[in-house]
Amino acid sequence: MKLATLNNGDRDGQLVVVSKDLGRCLPVPDIAATLQSALDDWMKVAPKLEQVAARLETDASLGEPFDEARARSPLPRAYQWADGSAYVNHVELVRKARNAEMPPSFWTDPLMYQGGSDSFLDPRAPIRMADEAYGIDMEGEVAVIVGDVPMGADEHAARDAIRLVMLVNDVSLRGLIPAELGKGFGFFHAKPSSAFSPVAVTPGALGDAWDGAKLHLPLLVEYNGAAFGKANAGIDMTFDFAELIVHAAKTRPLSAGTIIGSGTVSNKLGEGPGKAISEGGAGFSCIAELRMIETIETGTAKTPFMKFGDQVRIEMKDATGASIFGAIDQRVEKFRATNA
């Protein structure tokens with residue numbers, strides 16, 4: 001089953017069921033007005049939504065055309081957004097970029113930060129920043145939305161709690177990270193609003209690509225119209241989603257609608273760091289990783305971070321080449337403050 005939230009003028013949008021081919025959608029106000037309300041009563045609501053999804057596939061007259069440009073992030077705001085860093089290869093490279101040591105515990109204990117969840121960007125909304133000197137970077141990720149998870153949940157309970165899967169552009173401001181982390185109190189300014197894919201998909205609809213805790217498909221990143229990354233989200237994922245959820249629930253319960261991110265999808269090449277697609281590698285899901293590899297190889301990072309006018313597209317396709325989640329497609333723009 002595929003679900004989306006359309007912009008209807010309300011803060012939380014309108015929940016729709018989307019056809020498998022992303023061609024049509026059907027509002028379901030009699031079942032659930034918003035995705036959060038569906039998640040709050042998932043066991044009762046999900047079977048009804050599945051019935052609507054089945055009818056969409058068998059009756060081509062149902063619904064209306066699904067326009068990704070009208071889609072909000074599936075949850076336009078959420079009670080919680082906790083982003084992990086499950087691809088430790090990425091963590092290792094990025095820490096090298098800021099001359100920070102890599103503690104051995106990073107391979108056994110997940111990293112996670114709590115991001116802002118009150119205002120996610122729409123998947124086609126611009127990334128507006130005041131200054132290019134912030135070091136604007138995209139981060140292509142996978143995320144899951146969970147139901148209620150009790151504190152101290154084990155991995156079995158964590159897997160059972162995964163309701164939906166989606167993609168993320170976790171925008172990062174690399175120029176602000178070192179000083180902010182240097183204060184010893186975590187990210188804030190360096191992690192502005194993220195954007196999620198137009199469509200969220202139930203694990204069962206992902207077929208063999210979903211193993212219960214990982215999604216085994218390439219994450220396709222285009223940068224200014226050129227292929228930039230195709231790292232497989234199921235490879236080199238040190239901590240799967242069950243482990244990330246267990247980590248998040250160690251000292252607190254997680255409420256239905258909590259989003260857990262994978263961190264930047266990153267593949268190594270043999271025993272060494274990844275390489276660009278043009279060099280036979282899987283490319284990159286963020287610019288920082290490429291810059292670190294450039295530094296390792298030449299002593300200097302050559303690729304600049306994103307400038308005003310740059311565009312990033314993040315998508316994932318099935319074995320037939322069809323888009324699964326729709327595409328995050330965003331342009332960087334100059335932010336200009338306006339008076340309230």
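**Reading the terms on a predicted model**

Biologist: In which loop is Ser19 found?

Modeller: Ser19 is found between β2 (14-18) and β3 (24-27), in the loop that joins the two strands. The model is a predicted one.

Biologist: Why is Ser19 called buried?

Modeller: The term applies under 20% relative accessible area. Ser19 has 1%, so the residue counts as buried. Leaving aside residues up to four places away in sequence, Ser19 touches Lys2, Arg24, Leu56 and Glu57.

Biologist: How many helices and strands does the secondary structure of the chain come to?

Modeller: The chain holds 7 helices and 18 strands.

Biologist: How far apart are the mean positions of the positive and negative charges?

Modeller: They are 4 Å apart, for 34 positive and 45 negative charges. The chain exposes about 15000 Å², and carbon and sulfur atoms supply 50% of that area.

Biologist: How many aromatic pairs does the structure hold?

Modeller: There are 7 aromatic pairs.

Biologist: What makes Trp81 and Phe120 an edge-to-face pair?

Modeller: Rings pair if their centres lie within 6.5 Å, and planes over 60 degrees apart count as edge-to-face. The centres of Trp81 and Phe120 are 6.5 Å apart and their planes are at 90 degrees, so the name edge-to-face applies. Trp81 lies in strand β5 (residues 81-84) and Phe120 in the loop between β6 (112-115) and β7 (127-129), so the pair ties together parts that are 39 residues apart in sequence.

Biologist: Are Trp81 and Phe120 buried or exposed?

Modeller: The relative accessible area of Trp81 is 1%, which is under 20%, so Trp81 is buried. Phe120 has a relative accessibility of 5%, again under 20%, so Phe120 is buried as well.

Biologist: How do you know that Trp81 and Phe196 form an aromatic pair?

Modeller: Their ring centres are 5.3 Å apart, within the 6.5 Å limit, and the angle between the planes is 85 degrees, which is over 60, so the pair is edge-to-face. Trp81 lies in strand β5 and Phe196 in strand β12 (residues 195-196), so the pair ties together parts that are 115 residues apart in sequence. Both Trp81 and Phe196 are buried.

Biologist: Why is Ala86 called buried?

Modeller: Its relative accessible area is 0%, which is under 20%, so Ala86 counts as buried. Ala86 is in the loop between β5 and α3 (88-97). With residues up to four places away in sequence left out, Ala86 touches Asp236, Met237, Thr238, Phe239, Leu244 and Ser262.

Biologist: What is the phi of Asp236, one of the residues that Ala86 touches?

Modeller: Asp236 has a positive phi of about 65 degrees, although it is not a glycine. Most residues other than glycine have a negative phi. Asp236 lies in the loop between β15 and α6 (241-248). Asn224 likewise has a positive phi, of about 50 degrees, and is not a glycine; its place is in the loop between β14 (220-223) and β15 (226-229).

Biologist: Why are Asp236 and Asn224 called partly exposed?

Modeller: The term covers values between 20% and 50%. Asp236 has 31%, so it is partly exposed. Asn224 has 41%, so the term applies to Asn224 too.

Biologist: What makes Lys317 partly exposed?

Modeller: The relative accessible area of Lys317 is 34%, between 20% and 50%, so Lys317 is partly exposed. Lys317 is in the loop between β17 (311-315) and β18 (328-334). The C-alpha atoms of Lys317 and Pro218 are separated by 7.7 Å, while the two residues are 99 residues apart along the chain.

How values were computed. Residues numbered from 1 in each chain as written. Predicted model: local features only at pLDDT ≥ 70, side-chain atom pairs only at ≥ 80, totals over all residues. Heavy atoms only, no water. Helix = DSSP H or I, 4+ residues; strand = E, 2+ residues; numbered from the N terminus. Areas by Shrake-Rupley, 256 points an atom, 1.4 Å probe, with all protein chains shown as cover. Lys, Arg positive; Asp, Glu negative; His and termini not counted. Charge placed at Lys NZ, Arg CZ, Asp CG, Glu CD. Buried < 20%, exposed > 50% of the residue type's maximum accessible area, 1.4 Å probe, protein only. Contact = heavy atoms within 4.5 Å. Phe/Tyr/Trp six-rings, centres within 6.5 Å; stacked < 30°, edge-to-face > 60°.
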